[in-house]
Amino acid sequence: MDHTRTPLFDALLRHKERNPVQFHIPGHKKGAGMDPEFRSFVGQNVLDIDLINIAPLDDLHQPVSVILEAQRLAADAFGADATFFSVQGTSTAIMAMILSVCGHGDKIIVPRNVHKSILSAIIFAGARPVFLSPARDRNLGIDHGVTTQSVRRALERHPDAAAVLVINPTYYGVCANLKEIVDLVHEYDIPVLVDEAHGALIHFSDELPLSAMAAGADMAATSVHKLGGSMTQSSVLNVKGALVNIQRVQTILSLLTTTSTSYPLLASLDAARRHLATNGRELAAGAVARASQARAEINAIAGLYCFGEDILGEEATFDYDPTKLTIHVRHLGITGYDAENWLRDRYRIEVELSDMYNILCLVTPGDDDESMGILLAALRELSNTYMGKGEIKELVVEIPQIPHLSLTPRDAFYGETEIVPFRASAGRIIAEFIYVYPPGIPILLPGEVISQDNIDYIVDHLEVGLPVKGPEDRNVEFVKVIVEETAIS
């Protein structure tokens, strides 16, 4: 296919040149009805293509012309049978992926450290999650993917599962042996779904891990906006059709997607696909080279450590994406949160994330020698500021056992509830989420039985000031639980 073409973007440019008189939404009408300061700031070009699904521009819900062609080009670029554009981020693509294969009461095998969109889809579907514990890295205080062995055990116990979902790569760029997992799951004729939010570039480079489509997965939700050069909130859902009904995927995605689809976002996906398909190898090579050089220089800075190939060798650490710089700061006597705030205040550097022991910096084709130089200079000063001046705390990563699931997340989420003091809630069935950061794994999900270990673990984190997220009561003094029936005497 001719990947130099951008059918959707070109159609928008032609429409702009025709300069039609608009009697349709959006009401700002090329910016004329908009706040002047905002219009001046964002510029005329983007306002000229901020349009709706009029006939010349096709319709994302039932594409028949330029959007259909753009999606077919994307499918070819990503190695899929079909690709669908999402203007609601990878979260909606993930929900569509799960809802396409899971219905009420179906089992889905998922890692415990999943994105909230996966848990949302499980609630919407009425599915029953079978959780896998991710491999824990006790040197870095982070979690990796799941092992082939854990997937095999889950399949032996639940051969009737509707799907298996895998995160690949993880947020920190670490990959399990995806091909091995896909081949194993397919022996059971079960589809493999991949949260590939952090893997847009891996489709276009041999220097990066194997992509979901190349590994034979059935569906993968990929955040093109994260690393692939499109605008924020634009993503794709890649599908292979052997175990998945492609028409149903389109239908489910349409159910979840706004009818006021953003054409600037769609056009950015079309253009990003062209850039990746024609220049992706060179773009990825540049990012890998800059990141690899930075990794070597970071590891020469006192008190800092940035993992590379040395982390590989286990089932859950089969490969890694070198463009992700996970920088371990514990030996400076500070937390990742401290490092993030220091870099922001002193150097105006914003990192992707921080946790108790690490910061994560993403290197993309948008970086250059200047941006990398600023980061390295800041890290050297960070080391000079803190090295040898504070107590180095012991690395502790303790997670309670996965609680017993008494109700499906959907039944609990929509069930009859009451509010009780959290510290006195042991034995009750929770009806909301509780996450503790670090390390980011949900501790309690709707439908699970609260244990005293769960309570103690969360209270310990609250008392040292670490953020606990999820409950409606942000102070976590009270929690929503399922109403218990009173025995009849």
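Which residues form a nonpolar patch on the surface, and how much accessible area do they have together? In this predicted model, in which local features need pLDDT of at least 70, side-chain atom pairs count only at pLDDT 80 or more, and totals for chains, interfaces and linings use all residues, the patch is formed by Phe38, Phe41, Val42 and Val46, with about 390 Å² of accessible area together. Residues are numbered from 1 along each chain as its sequence is written, and side-chain values use heavy atoms, with hydrogens and water left out.

Patches are made of residues with over 30% relative accessible area and no salt bridge, like charges being joined within 9 Å and nonpolar side chains (Val, Leu, Ile, Met, Phe, Trp, Tyr) within 5 Å. Accessible areas come from the Shrake-Rupley method with a 1.4 Å probe, and for residues only the protein chains shown count as cover. Helix H2 (residues 36-42) supplies the largest share of the nonpolar patch, 3 residues; helices (H or I, at least four residues) and strands (E, at least two) are DSSP runs numbered from the N terminus. Val42 is found in H2 and is partly exposed, with a relative accessible area of 30%, where buried means under 20%, exposed over 50%, and partly exposed in between (1.4 Å probe, protein chains only). A patch of negative charge on the surface gathers Glu398, Asp453, Asp456 and Asp460; Lys and Arg count as positive and Asp and Glu as negative, while His and the chain ends are not counted, and the place of a charge is taken as NZ of Lys, CZ of Arg, CG of Asp or CD of Glu. Asp456 belongs to helix H15 (residues 452-463) and counts as partly exposed at 37% relative accessibility.

Covered positions are found in several helices. In helix H5 (residues 89-99), 10 of the 11 residues are buried, among them Gly89, Thr90, Ala93 and Leu99. Ala70, in helix H4 (residues 66-78), is buried with a relative accessible area of 0%. Not counting residues up to four places away in sequence, Ala70 touches Pro7, Leu8, Phe85 and Asp270, contact meaning heavy atoms within 4.5 Å. Ala70 and Arg273 are 203 residues apart in sequence, with a C-alpha to C-alpha separation of 8.8 Å in space. His15, placed in helix H1, counts as buried at 7% relative accessibility, and its contacts, leaving aside neighbours within four places in sequence, are Pro20, Leu51, Ile54 and Leu57.

A salt bridge is defined as a side-chain nitrogen of Lys or Arg within 4 Å of a carboxyl oxygen of Asp or Glu, and by this rule the count comes to 17 salt bridges. In one of these, the side chains of Asp48 and Lys16 meet at 3.9 Å, N to O; because Asp48 lies in helix H3 (residues 44-48) and Lys16 in helix H1, the pair ties together parts that are 32 residues apart in sequence. Asp48 counts as buried at 13% relative accessibility, whereas Lys16 is partly exposed at 26%. Arg281 and Asp206 also form a salt bridge, at 3.2 Å, N to O. Arg281 lies in helix H11 (residues 263-298) and Asp206 in the loop between strand S8 (192-196) and strand S9 (219-222), so this pair ties together parts that are 75 residues apart in sequence; Asp206 counts as exposed, at 67% relative accessibility. In the salt bridge of Arg428 with Glu484, the closest N and O atoms are 3.2 Å apart. Here Arg428 lies in the loop between strand S16 (417-421) and strand S17 (434-436) and Glu484 in the segment after strand S20 (478-482), so that parts 56 residues apart in sequence are tied together. Arg428 is buried, with a relative accessible area of 13%, and Glu484 counts as partly exposed at 47%. A network of salt bridges links Glu340, Arg344 and Glu350.

The backbone was also examined. Most residues other than glycine have a negative phi, and most peptide bonds are trans. Another cis peptide bond joins Asn168 and Pro169, with omega about -5 degrees. Lys30, in the loop between H1 and H2, has a positive phi near 60 degrees and counts as buried at 18% relative accessibility.
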